[in-house]
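Please keep the sequence and the coordinates at hand while reading.

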Amino acid sequence: MRYGCFLAEPQGSDAIGGLRDQIAQAVEDGFTSAWLSHIFGLDAITALTAAGVQAPPIELGTAVVPTYPRHPAALAQQAMTANAALGGRFALGIGLSHKVVIENMFGYSFERPGRHMKEYLDVLIPASRGEQVDFQGETLKANVRLTGPGAGFPVLVAALGPRMLKLAGTVADGTVLWMTGPKTVAEHIAPTIRAAAAEAGREAPRIVCALPISVTDDRAAAVARADEIFKVYGQLPSYRAMLDREGAATPGEAAIVGDEDTVLARLEELKQAGVTDFVGSTFANRERTRALLIGAAKG
């Protein structure tokens, strides 16, 4: 299992410089990848490109860019440019986002999200390879061929439900998870996406698992802190479903929390469950937690 890290979005006028420094530190610490969320601050692809070209080489990925506000060919073009600038080190993580965001904030319909993602990938995947795309679906149309450099980067889908996992395994390179623990990965995520990939004659997919993590002797306090920080994820339907599968009443219960031995045991569970890349979101006791993850990354 490879180890990556989340990049914290810096505040202030030199946000890109802050990201550059974090990427450089991730390389020094031995992580194989660094990931940036795309919410309402920095544009993740642009920021990773600007910071990454100034930093030592490491895989840089988005976790994740919402699909609805961007035509798939336009997103493919942006991602190809990023991949070219980064020397082939870019990974595009995409996701549906949530109804409250897509409908209430952006004004798009969130009806039949599974159909939307299938049509989106039907355009995005071939476009990102520089192939001619002639597609007309119910929600998307495209007649385009992108000719710029940077084709061929991995595309990972934030897939949690069975239909999305099958789609990710069939046409994409894997999935990016959040709020999804080892029991759910072992019993639901890994079997579903791997079976779909095998049936399609594709290589085993990447399973990038991101979770809150804290190394501490006061588990109760850390769980309470995680519940405070990540409260919203217990209310969003897609993540709520994963927490329920895991038997976690709250996001804090899904977090990896405990002393060094406990945390290492949980990480081993994820590895055995089928996770290929673990990405830690360090939310408390940062120095102690970072030290453990550095040790794990360096093996």
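Is E59 buried or exposed? In this predicted model, E59 has a relative accessible area of 18% and is buried; the cut-off for that class is under 20%.

The side chain of E59 forms a salt bridge with that of R206, with an N to O distance of 2.8 Å. R206 belongs to strand β10 (residues 206–215) and E59 to strand β3 (residues 59–62), so this contact ties together parts that lie 147 residues apart in sequence. R206 also counts as buried, at 15% relative accessibility.

R206 has a further salt-bridge partner in D277, the closest N and O atoms being 3.1 Å apart. Because D277 lies in strand β12 (residues 277–282) and R206 in strand β10, the pair ties together parts 71 residues apart in sequence. D277, like R206, is buried. These residues are part of a network of salt bridges that links R2, E59, R206 and D277.

For the whole structure, the search finds 14 salt bridges. An unreviewed UniProt entry annotates residues 11–276 as "domain: Luciferase-like". That span is 47% helix and 17% strand, and its end C-alpha atoms lie 31 Å apart.

Terms used. Residues numbered from 1 in each chain as written. Predicted model: local features only at pLDDT ≥ 70, side-chain atom pairs only at ≥ 80, totals over all residues. Heavy atoms only, no water. UniProt positions renumbered as here; feature names shortened; annotations may be inferred. Helix = DSSP H or I, 4+ residues; strand = E, 2+ residues; numbered from the N terminus. Salt bridge = Lys/Arg side-chain N within 4 Å of Asp/Glu carboxyl O. Buried < 20%, exposed > 50% of the residue type's maximum accessible area, 1.4 Å probe, protein only.
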